[in-house]
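Please open the structure in your viewer and keep the selection tool at hand.

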Amino acid sequence: MTVSDLLDEAKRLNVMIATAESCTGGMVAAALTDIPGSSAVVERSFVTYTNRAKQEMLGVTPETLDAVGAVSEEVALEMAEGALAHAPVQLTVSITGIAGPGGSEFKPEGRVCFGLAGKGLQTTTETIEFGARGREHVRLASRDHALKLLHIGLSRIAENRGG
């Protein structure tokens, strides 16, 4: 599915979208808004690169950040649900990860956690290990995966509505 197809499906379903991005720095929102007419379904993007921004803009708790760190499915979940709570939208995707260079043995370069939240949907999270293939590769792969997750979210919304 192309980005244009994704936007057309969101329009058909009357679904507004928000993104909550850390390591991608707004790349998902940029991919969506590169398409003319995207303002019909793209409400906003939260670029929350620091822990403070995650807390202030999305309501990620300090306790979660202290317990598991920013690169975790728990934070991805709180980011996605926070975007849903802080914007008049029906679908959100979140991304937090280590694009590189760097990382550690516990959180290696290329580890990215995603969240997908929607009105009437159970929030889901996942972690993908893109590997230490360079910052640009990890960020682009993360952007593309987030777009796929938005497609999945739209499919779930359509199923819940019976078509």
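Begin by selecting Glu129, which at 44% relative accessibility counts as partly exposed (buried means under 20% relative accessible area, exposed over 50%, partly exposed in between, with a 1.4 Å probe and protein chains only). This is a predicted model, in which local features need pLDDT of at least 70 and side-chain atom pairs count only at pLDDT 80 or more, while totals for chains, interfaces and linings use all residues. Residues are numbered from 1 along each chain as its sequence is written, and side-chain values use heavy atoms, with hydrogens and water left out.

Glu129 forms a salt bridge with Arg111, and the closest N and O atoms are 2.6 Å apart (a salt bridge is a side-chain nitrogen of Lys or Arg within 4 Å of a carboxyl oxygen of Asp or Glu). The pair links distant parts of the chain, 18 residues apart: Glu129 lies in strand E5 (residues 124-129) and Arg111 in strand E4 (residues 111-118). Strands (E, at least two residues) and helices (H or I, at least four) are DSSP runs, numbered from the N terminus.

Next, select Glu43 and Arg44. These residues form a salt bridge, with the closest N and O atoms 2.8 Å apart. Arg44 counts as partly exposed at 31% relative accessibility, and Glu43 also counts as partly exposed at 31%.

Finally, select Glu9 and Arg12. Their salt bridge has its closest N and O atoms 2.9 Å apart. Because Glu9 and Arg12 are 3 residues apart in helix H1, about one helical turn separates them. Glu9 counts as buried, at 18% relative accessibility. By this rule, the count comes to 5 salt bridges.
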